[in-house]
Amino acid sequence: QKAIQIDPNLWEAHYNLGVLQRRAGDLEAAAGSFDAALQIQPRAPEPLLAAAEVDYARGEQGAAAERLETLLEVDPENLDARVALAVMLREDERYDAALEQAREVLVRDPQNIRALLEIGRAYRAREQYEVARLVLDKAVQLAPEDAPGLMAEVRNEQGLLELDRGDTQAAFQAFEQAIALDAAYEPARMNMGSVLLHAGDFAGAVAQYEAVLEQHPDD
């Protein structure tokens with residue numbers, strides 16, 4: 001704040017202030033700071049990515065995607081931005097565009113797990129289940145052993161795929177594997193709870209939801 005008072009055109013200070021505001025949970029203030037940085041330096045990669053993340057968190061997917069597209073014009077090798085854009089395009093049901101972005105990531109980094117995840121999710125959304133399964137199996141093979149949280153995310157996605165295919169037992173096993181990898185991974189516990197609930201195992205479902213509440217008491 002003192003830096004901005006001395007030099008209001010120092011975009012880095014506006015950006016850093018936005019980072020702190022976002023960490024404090026004030027998305028509105030962070031958005032204002034990132035926009036101030038971009039008014040001074042419209043194509044600076046750091047505030048473009050940060051502003052896109054805040055837009056997405058505020059539910060403004062269209063604005064977030066536009067910022068990411070601008071960022072990729074400036075820095076086409078920014079793989080995190082490409083994966084984030086693939087996520088937003090998929091959620092907007094623009095599956096071909098999402099697949100294109102994820103594949104661009106794999107061209108540059110053939111072992112990028114998050115890009116494989118997005119490809120699997122896009123094919124699952126299009127009900128191309130066998131292709132989705134092949135992609136997610138590849139992600140399992142490539143996932144590093146020192147990243148259990150990422151591996152849990154892949155296993156959770158496999159569980160959702162099996163649910164869509166109607167194989168509840170395979171889904172249960174995948175969610176179980178995800179929890180074994182990362183006991184704090186909330187989506188897998190919520191999905192496991194749902195499977196148990198529909199199977200009539202109320203005590204088992206309660207145990208999963210209680211485990212989530214231990215991590216997030218206000219959920």
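**View 1. H6 gives the lining of the largest pocket its biggest share, seven residues.** This is a predicted model, where local features need pLDDT of at least 70, side-chain atom pairs count only at pLDDT 80 or more, and totals for chains, interfaces and linings use all residues. Numbering starts from 1 along each chain as its sequence is written, and side-chain values use heavy atoms, with hydrogens and water left out. Helix H6 (79-91), helix H4 (45-57) and helix H8 (113-125) are the elements that each put two or more residues into the lining. Helices here are DSSP runs of H or I, at least four residues, numbered from the N terminus.

**View 2. The largest pocket holds about 350 Å³ of space.** Of its 20 lining residues, Glu53, Asp80, Val83, Ala84 and Val87 lie nearest the centre. A pocket is an open set of points on a 1 Å grid where a 1.4 Å probe fits, with protein on both sides within 12 Å along at least five of seven lines; lining residues have an atom within 4 Å of a point. Split by class, the lining comes out as 12 nonpolar, one polar and seven charged residues.

**View 3. Helix H10 (residues 148-165) meets helix H12 (residues 186-198).** Their axes (lines fitted to C-alpha atoms over the stretch in contact) come within 10 Å and cross at roughly 30°. That makes H10 roughly parallel to H12 (angles under 35 degrees count as such). On the H10 side sit Asn156, Leu160 and Leu163, meeting Pro187, Ala188, Asn191 and Val195 of H12, with contact meaning heavy atoms within 4.5 Å. The contact residues divide into five nonpolar, two polar and no charged.

Technical notes
Axes fitted to C-alpha atoms, helices over the stretch in contact; angles between N-to-C directions. Parallel < 35°, antiparallel > 145°, perpendicular 65-115°, else oblique. Nonpolar A, V, L, I, M, F, W, Y, C, P; charged D, E, K, R; others polar. Points joined across faces, edges and corners; volume = space filled by probe spheres on them.
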